[in-house]
Amino acid sequence: LFDPTLQYLTLFYGVFIGSFSVYDIYDDLITRTVEGSDAHACHQLIPCCLPRCVGLQFAVVALGFQALGVYLALVWMTST
């Protein structure tokens, strides 16, 4: 009885958390330049990438995993 509702609620929760994480990456690593951020730490380890480019790479990876997760969830939900 609650199986489809629970699946869609779980999918909504996962998409909500994932979209917030992408927004947080955009806000913390791409738009803001703070010396103590993760992007600056990666820039110090690998100086060929600027901190904003590192933030953009983090955002692309997060969006890719978000899209993969939504795709797999929808495929698994339609097969049951």
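## H40 and its contacts

H40 touches T33, V34, E35 and P51, leaving aside residues up to four places away in sequence. Contact here means heavy atoms within 4.5 Å. H40 sits in helix α2, which covers residues 38-45. Its relative accessible area is 12%, so H40 is buried. The classes are buried (under 20% relative accessible area), exposed (over 50%) and partly exposed (in between), with a 1.4 Å probe and protein chains only.

## Basis of the model

This is a predicted model: local features need pLDDT of at least 70, side-chain atom pairs count only at pLDDT 80 or more, and totals for chains, interfaces and linings use all residues. Residues are numbered from 1 along each chain as its sequence is written, and side-chain values use heavy atoms, with hydrogens and water left out.

## Fold and overall shape

The chain has 3 helices and 0 strands. In sequence order the pattern is α-α-α. Helices (H or I, at least four residues) and strands (E, at least two) are DSSP runs, numbered from the N terminus.

The radius of gyration is 17 Å, whereas a compact globule of 80 residues would have one near 12 Å. That radius is taken over C-alpha atoms, and the globule rule is 2.2 Å times the number of residues to the power 0.38. The C-alpha trace spans about 55 × 20 × 15 Å along its principal axes. Of the contacts with a separation of 6 or more, 52% join residues 24 or more positions apart.

## Surface and burial

The chain exposes about 6100 Å², and carbon and sulfur atoms supply 73% of that area. Areas come from the Shrake-Rupley method with a 1.4 Å probe; for residues, only the protein chains shown count as cover. Of the 80 residues, 20% count as buried.

Helix α1 runs over residues 3-30 and has 28 residues. From first C-alpha to last it reaches 39 Å, close to the 40 Å expected at 1.5 Å a residue. The expected span is 1.5 Å times one less than the number of residues. The buried residues of α1 are L11, G18, V22, I25, L29 and I30.

T31 lies in the loop between α1 and α2. Its relative accessibility is 36%, so T31 counts as partly exposed. A polar atom of the T31 side chain lies 2.9 Å from the backbone oxygen of D27. Polar contacts are pairs of N or O atoms within 3.5 Å; within protein, one must be able to donate a hydrogen and the other to accept it, and residues adjacent in sequence count only if both atoms are side-chain atoms. Not counting residues up to four places away in sequence, T31 touches Y26 and R52. The C-alpha atoms of T31 and F16 are separated by 21 Å, at 15 residues apart along the chain.

## Q66 in helix α3

Q66 is found in helix α3, residues 51-79. With a relative accessible area of 19%, Q66 is buried. Its side chain reaches the backbone oxygen of V15 at 3.5 Å. Beyond residues up to four places away in sequence, Q66 touches G14, V15, G18 and S19.

## Cysteines

A disulfide is a pair of cysteine sulfur atoms within 2.5 Å. By this rule the count is 0. C42 is in no disulfide; the nearest cysteine sulfur, that of C49, is 9.1 Å away. C42 is partly exposed, at 27% relative accessibility.

The C48 sulfur is 4.0 Å from the closest cysteine sulfur, in C49, which is too far for a bond. C48 has 67% relative accessibility and therefore counts as exposed.
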